[in-house]
Amino acid sequence: MMSIKIGFTGGSTIVELGTDSDMRLFFDCILYYVPPKYPDQNWSLITDRLYRRYLKLEELDTAVALMKLVEKEFKQLDREAFDWTKILSGQVKSDLDRAKSTLFEIFVRYFEAFYECIESAIVNYEWFKSNSNYEYEPVMVTISTIPYCVSYSMIPLSVFDNLQPDEKPIWWTGKIPKTTT
């Protein structure tokens with residue numbers, strides 16, 4: 001059976017990062033450790049917009065600034081900042097490297113991929129915006145395994161916009177909604 005991987009996408013870039021459990025853990029760590037230290041920031045941009053939906057073009061600069069704060073905090077947290085028991089016991093599939101010493105080192109590829117996708121989204125927008133058929137290609141968490149990433153990319157943004165507060169992200173459920181075109 002094929003293992004489905006999760007990553008980030010933006011513009012013409014898709015970066016495969018790891019399992020859905022790894023992506024959830026990345027965002028769980030953000031939610032647990034960072035917003036309490038910076039309560040005046042709009043963390044829903046990361047913990048809801050990026051996690052469950054997508055980032056709009058006008059949100060990219062703010063999202064980068066917030067992710068820089070996440071990086072700063074993750075550099076100060078050692079690998080024992082979360083419980084590895086489920087990963088070590090095999091209850092949860094993971095591609096994370098437990099040998100790394102900080103959360104930043106464990107998730108460094110997530111940060112790199114995020115910035116790479118931000119840059120791709122901006123470059124593509126600037127390059128193609130004069131084409132009347134071009135639509136901004138948002139930065140978002142995605143199913144990155146082929147052929148599932150193709151189906152995922154076909155989901156209209158309105159489906160993400162209409163997720164209810166109690167709904168899990170589509171990439172987490174693995175259920176690509178049927179849409180009419």
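**Strands, core and pocket in a predicted model**

G7 has T142 as its bridge partner in β3. Here, strands are DSSP E runs of at least two residues and helices are H or I runs of at least four, numbered from the N terminus. The structure is a predicted model, so local features need pLDDT of at least 70 and side-chain atom pairs count only at pLDDT 80 or more, while totals for chains, interfaces and linings use all residues. Residues are numbered from 1 along each chain as its sequence is written, and side-chain values use heavy atoms, with hydrogens and water left out.

Back to the strands. β1 and β3 run antiparallel, joined by four bridges; two strands count as paired if DSSP finds at least two bridges between them. β1 (residues 6-10) also pairs with β2 (residues 13-18), again in the antiparallel sense, over five bridges. In β2, G7 is partnered by E16 and I6 by G18. Two residues sit between the strands of the β1 and β2 hairpin, where G11 takes a positive phi near 60°.

F114 lies in α6 and is buried, with a relative accessible area of 0%. Leaving aside neighbours within four places in sequence, F114 is in contact (heavy atoms within 4.5 Å) with F8, L50, L55, A63, V64, M67 and V139.

Then there is the largest pocket, with about 410 Å³ of space. Its lining has 20 residues, and E137, P138, M140, S153 and M154 lie nearest its centre. A pocket is an open set of points on a 1 Å grid over the protein atoms alone, where a 1.4 Å probe fits, with protein on both sides within 12 Å along at least five of seven lines; lining residues have an atom within 4 Å of a point. The volume is the space filled by probe spheres set on the points, which are joined across faces, edges and corners. The largest share of the lining, three residues, comes from α7.

How values were computed
Buried means under 20% relative accessible area, exposed over 50%, partly exposed in between (1.4 Å probe, protein chains only).
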